[in-house]
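Me: I would like a close look at a single part of this structure. Please start there and then show me how the rest connects to it.

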Amino acid sequence: MIKQLAPHAVRSVPTQFQGIYVHGTQIDDPKSLVFLSGQIGISPDGETKVGFEQQCQQAMQNVEALLEEAGMDTSNILRVVYYVTDACYLPLLSKARQARWKKGPAPSVTTLVISSLAAPELLIEIEVTAAR
């Protein structure tokens with residue numbers, strides 16, 4: 001069982017992030033623990049999606065496919081690290097998270113704005129840890 005860590009000694013999660021963010025997660029004695037490499041906006045046929053929203057949706061789809069392969073879904077996500085190449089994408093990322101990944105307990109989240117990813121056309125990378 002996933003436990004959300006939110007002690008009173010830490011600032012409460014702002015309303016707009018409730019359901020998609022928690023300060024910490026804990027799981028005791030998981031049956032299965034999965035670490036996903038960073039997923040990017042490239043489809044299975046090798047096409048790099050154009051634009052942040054399309055790349056974000058594809059990266060999320062890639063994460064979901066890998067979780068499914070492990071017998072899990074987004075409700076099993078414990079931790080997510082988002083890497084984005086421009087802070088202007090943060091509202092779009094929040095919207096995509098609210099629409100797509102607000103299932104189950106909220107994961108621990110770190111979002112980093114970085115100067116670039118492995119290829120200049122890539123705008124987002126999503127790294128996930130999940131357990132059941």
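Where is T129 found?

Reply: T129 is found in strand 6. First, some ground rules. This is a predicted model, in which local features need pLDDT of at least 70, side-chain atom pairs count only at pLDDT 80 or more, and totals for chains, interfaces and linings use all residues. Residues are numbered from 1 along each chain as its sequence is written, and side-chain values use heavy atoms, leaving out hydrogens and water. Helices (H or I, at least four residues) and strands (E, at least two) are DSSP runs, numbered from the N terminus.

Now back to T129. It is buried, with a relative accessible area of 18%. Buried means under 20% relative accessible area, exposed means over 50%, and partly exposed lies in between (1.4 Å probe, protein chains only). T129 touches L33, V34, F35, N76, I77, L78 and R79, leaving aside residues up to four places away in sequence. Contact here means heavy atoms within 4.5 Å.

Strand 6 covers residues 124-131 and runs antiparallel to strand 3, with six bridges joining the two. Two strands pair if DSSP finds at least two bridges between them.

The whole sheet is open and has four strands, in the order 3-6-4-5, with mixed pairing. Strand 3 (33-40) and strand 5 stand at the edges. Each has a single partner strand, so one side of each is left without a neighbour in the sheet. From one strand to the next, the twist averages 10 degrees. Axes are lines fitted to C-alpha atoms, for helices over the stretch in contact, and angles run from 0 to 180 degrees between N-to-C directions. Helix 1 packs on this sheet and touches strand 3, strand 4 and strand 6. The direction of helix 1 makes about 155 degrees with that of strand 3.

Move to the other end of the strand order. Strand 4 (residues 77-84) pairs with strand 5 (residues 108-113) in the parallel sense, over six bridges. In strand 5, V109 is the bridge partner of V80. Strand 4, helix 2 (residues 90-100) and strand 5 make a right-handed β-α-β unit. A crossover is right-handed if, with the strands pointing away from the viewer, the path from the first strand over the helix to the second runs clockwise.

What lies inside? Of the 23 residues in the largest nonpolar core, F52, Y82, W101, I124, I126 and V128 touch the most other members. A nonpolar core is a set of buried Ala, Val, Leu, Ile, Met, Phe, Trp, Tyr and Cys residues joined through side-chain atoms within 4.5 Å. Strand 3, helix 1, strand 4, helix 2 and strand 6 are the elements that give two or more residues to this core. Helix 1 gives the most, with six residues. In soluble globular proteins, nonpolar side chains tend to be buried together.

F52 is buried, at a relative accessible area of 4%. Leaving aside residues up to four places away in sequence, F52 touches V84, Y89, L92, L93, L123 and I124. A search of the whole structure finds one aromatic pair. It is a stacked pair of F52 and Y89, 4.5 Å centre to centre, with 5 degrees between the planes. Rings of Phe, Tyr and Trp (its six-membered ring) pair if their centres lie within 6.5 Å; planes under 30 degrees apart count as stacked, over 60 as edge-to-face and the rest as tilted. The pair links distant parts of the chain: F52 is in helix 1 (residues 52-69), and Y89, 37 residues apart from it, is in the loop between strand 4 and helix 2. Y89 is buried too, with a relative accessible area of 18%.

Helix 1 also holds L67. L67 is buried, with a relative accessible area of 0%. Its contacts, not counting residues up to four places away in sequence, are L36, M72, D73, T74, I77 and A130.

Finish with I2, in strand 1. I2 is buried, at a relative accessible area of 17%. Its contacts beyond four places in sequence include N76 and L78. T129 touches N76 and L78 as well.
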